[in-house]
Amino acid sequence: MDTVFSPLWWDVLVPLWFVIVALVWVMYVLTDGFDLGVGILVPFMGSDDVSRRIAINSVGPIWDGNEVWFITAGGAAYAAFPEIYSAIFGGLYLALMVILFALIFRAVGFEYRSKRPSQKWRNFWDWAISISSGVVALVLGVALGNIVVGLPFVKSTFIDPQTMKVMESAVNPNALKGFMYGVIDQNNQFHPYPAIIGFLQLLNPFFPNLAAGIFKLLVGVTALLFVILHGAAWLMVKTVGEHFERAKGFVLKLWPVTAGLWVITTLWGFFSVGFTNKFNITNEKVIQQLQNVDYHGWQAILDGVFTYHDNFLFQAPALVSIVGWVLLGLGLLGVIGIFVFAKNGNAWGTFLSSTLAVIGILFAVATALFPFTVPSIYGLEHSMTVWNTAASENTLKVMTLAAIIAVPIVLAYTAYIYKVFLFKLSPEQLEESAKKGQFNY
Amino acid sequence: MAGELVASISRLQFATTAYFHFLFVPLTLGISLFIAILMTTYLVTKKQIYREMARFWTKLFAINFAMGVATGITHEFEFGTNWAVYSRYVGDIFGAPLAIEALFAFFLESSFIGMLIFGWNRVNDIVMTLVAWAVAFGTNLSALWILLANGWMQHPGGAILKAGTWVGGIRAELYDFSQVTFSPVADVKFMHTITAGMIVASMFVLGISAYHLLRKQHVEFFKRSALAAAIFGMIASVSEVLIGDIHAHEVAKTQPSKLAAMEAVVESEKGAPILLAAWVTKNEQGQYEYAFKLPLPIPGVLSFLAYHNFSAEVPGLNDVQKAMEENFANAMKEHPELAQVIENNVKFNGEWPEFNPPVNVVYWAFHIMVYLAFLFVFIFTAAFYYAKKGVLHEKTWILKLALYSIPLPYIASLLGWATAEVGRQPWVVYPLTEVKHDADGNIIWGELFKTIPAMIEKGGQIVQTEVPGAFMGLTTYNAVTPTLTVAEVTLTFIGFLVIFTTLAVLDWWLIAKYAKKGPEMGEEKPQEAY
């Protein structure tokens, strides 16, 4: 690493920000996750208006604040890892646009839905909320799967601009375009492809190979199911009587397929998307590094050599593997808890279990990736790690200070607002509340 | 060129989404403050009517806010999706204010907006007042960080150029954060924008009040609303004229091409007059000339407004083009090791770009905005005068004028952004510039750029040195995402246009519906939805 870029503080701040960005994403999934799930379930809560209003009002006052975690996650990724931000957002253009349009529909759907008494109007927005919430969860899930598998990009500095050949080492030190998405053929010729292909490749089960292709789609579906479970658990917390029973029914019916898919996906990931598969077993550099015993250890982590199941198979430093297994264990505990508590009708137990499941599983994925952020399917030298994408020391210092001051304040008032709106919803309660001059959706 | 077309459509798309965003943001900025003041007044005076007013305006605010959020998220995406090269080159600096905005401001406003809408009669009125202040503070703080980011693009201080990122290229990194936060360009821009928000909100409240007063319904309620809006609007519009002047002065110092376009100055001139109307064309030699002009017959007014000196030279379009080319060529000659940066970031297809923005667009956007500002001062002052005398509800002409003027502050805001952003072209990041005058008031054309620190490779070693601000410049056409194709951007552009237009119409239709319905006075009645 070149001396300009590795002062001591920077070495500490970069992994710290990997953890912080992961944490903000997890917070997003935990908070907006349940209102996405509730959103999906709105039309399924019942065909009557009041049941659907109960679902919407269960997240009415808080969904907007929850969604800010998404903005913050994006902002934190932008500030702390600008290279990743520009590579991902630019490369996955259409996928992000799909998420964006879905978020827009959801936001206005909540607000407009109850503004007119017309049943047709309300029905339209109920489905708009449901479908757009589902799209957000599914596309984000597929995106996560794709990131774990690796994306098809190369550093543009490795491409000879005249012949478009992929070179052994960087040829154009002044290139400003960062990364390019495309295919490398047998002759090492690079063919860039437009974002529309990039978008289709995200969903292509044969890309980069069948095993990895199925894995990334499994991640998407599993994510969608977990989000619905998380939403149903929140509905259990917020409702009583028949609506509580309906929410409980959602959890119990969805649990076997969700838990089953999660186990399959996790095992599938271990056996199919491991390190050597990802970087192609013939990649000599990787094999050399793996064979070189001295190279194992923190230096390898610093250089970004290990990832995915290597992190779990004690080929990386033991601490990383232990942390990974503990997180996976917590995830399993949460998944089991969801069913056990739901069966006993314990709403808070169910919701906290699904919270634990989300935390355990997502942090396990983050641990699996570390120190990679977005691997390239074309090999190590093209992949993004925390080290080669991070912001400067000054920026990270400013951001750390900002986070230390802001996050406790944010958590404090979020907790207060949740507390105010933690009452149970029912048709009687909604009527009562309107009489008191309170607003509801 | 496909690349050019992608950049052009991306620009159109960004402009469209930004404009839609700013159709909803200024009202949010102003009316959140207005509601907080109403609640405070209620707490102090204990008059129930102020609480009713706050509740009523909150309802309209909530409908407006949904669109503000929906259109706002778009931008955080677009910086990366459409302007990936930009995000790479300056993301180290530009990302921080965005992230800080989310952490400190957006959380605050978005978390408490739910409470402001749904908290009535659930928590006590003191808490509701604090909530209203939290929302007002959050929205305006949000504007501050966003405008610091935007202001930095106009005058990119506090950065250092560094070689050796993961792609082996060069990027700008944060060097001095205080130059980002205390940039005079950004700070005055912030004042200018939030004051514009207050004007939009005041006209909104005054206009809707006028609607009801013209129909003689809820007279007591809307007389008070109108008086409050008139006071709020009068203070805001008078301040805006003064702040606008300071803002233009900052532009004159840091963005000569924008100033030349704003005032349609063709040839640099000492003691320049101000033009009340003008149209500029380009002749066959590529030189700008007037198709017609109507100067105010007092010499030196423009020189004074721009540089606080009646005889100072004001930069003209033709000189700006020449001087920019010369300054850039010199910077490349002085620092051959960085010459590639200018080749990549500034030149397009190996040629110098047009360094001036589309003059007539900028000139008229700016001038219509200024003329509107004076109209606002008049409307609010007149409304205040009659409201204070207690006869506003009888003065049909001013009520009608206020009602039909509701769109005008919005238009003025949009024109202001056109001045700022079209006026910035061809740059997405303006090179770090400072216009300096010698003792005689002549511009020192050879030294347009400030110096910036840089870490560059010299003789195999990385050394810190100083280079001209020219190297911070990045033109829009070079900032676009390289993998984008015309088809994709066209698709999303049309998508945004259709969806935002539909939703905006729907939004205003709902706002109009609830505005016309008026407040539910007296005892709290059961409400079906709200």
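Is B:Lys216 buried or exposed? B:Lys216 is exposed, because 9 other C-beta atoms lie within 10 Å; a residue counts as exposed with 12 or fewer such neighbours, as buried with 20 or more, and as partly exposed in between, with C-beta atoms placed from the backbone. This is a predicted model, in which local features need pLDDT of at least 70 and side-chain atom pairs count only at pLDDT 80 or more, while totals for chains, interfaces and linings use all residues. Residues are numbered from 1 along each chain as its sequence is written, and chains are lettered from A and ligands numbered from 1 in the order in which they are written.

Most residues other than glycine have a negative phi, and most peptide bonds are trans.

In chain A, A:Asn188 has a positive phi too, near 65°. A:Asn188 belongs to the loop between strand 2 and strand 3 of chain A and is partly exposed, with 14 other C-beta atoms within 10 Å. The peptide bond from B:Gln425 to B:Pro426 is cis, with omega near 5°, and B:Pro426 lies in the loop between helix 14 and strand 7 (427-429) of chain B.

The buried residues of helix 14 of chain B include B:Pro409, B:Leu415, B:Trp417 and B:Glu421.

## Strands and sheets

Chain A has an open sheet of 3 strands in the order 1-2-3, with antiparallel pairing; two strands pair if DSSP finds at least two bridges between them. Its edge strands are strand 1 (153-155) and strand 3 (190-192), each pairing on one side only. On average, neighbouring strands of this sheet are turned by 60° against each other, direction ignored; axes are lines fitted to C-alpha atoms, for helices over the stretch in contact, and angles run from 0 to 180 degrees between N-to-C directions. Strand 2 (residues 179-184) of chain A is joined to strand 3 by 3 bridges, and A:Val183 has A:His191 as its bridge partner.

In chain B, strand 1 (residues 159-163) and strand 2 pair in the antiparallel sense over 5 bridges, with B:Lys162 partnered by B:Arg171. Strand 2 (residues 170-174) of chain B is mostly covered, as 5 of its 5 residues are buried. Further along, strand 8 (residues 451-458) and strand 9 (residues 461-468) of chain B are antiparallel and share 8 bridges, and B:Ala454 stands opposite B:Thr465. These two strands form a hairpin with 2 residues between them, and B:Gly459 in the turn has a positive phi of about 55°.

## The core and the contact between chains

A nonpolar core is a set of buried Ala, Val, Leu, Ile, Met, Phe, Trp, Tyr and Cys residues joined through C-beta atoms within 7 Å. The largest nonpolar core has 331 residues, and A:Val21, A:Ala80 and B:Ala383 touch the most other members. Helix 3 (residues 84-118) of chain B gives the largest share of this core, 23 residues. Leaving out residues up to four places away in sequence, the contacts of B:Ala383 include B:Leu206, B:Ala226 and B:Ile398; two residues are in contact if their C-beta atoms, placed from the backbone, lie within 7 Å.

The contact between the chains takes 78 residues from chain A and 78 residues from chain B. The side of chain A that touches chain B divides into 48 nonpolar, 21 polar and 9 charged residues; Ala, Val, Leu, Ile, Met, Phe, Trp, Tyr, Cys and Pro count as nonpolar, Asp, Glu, Lys and Arg as charged, and the others, Gly among them, as polar.

A:Ile71 lies in helix 3 of chain A and is buried, with 23 other C-beta atoms within 10 Å. Not counting residues up to four places away in sequence, A:Ile71 touches B:Ile73, B:Glu76, B:Ala102 and B:Phe106.

Definitions and conventions:
Helices (H or I, at least four residues) and strands (E, at least two) are DSSP runs, numbered from the N terminus.
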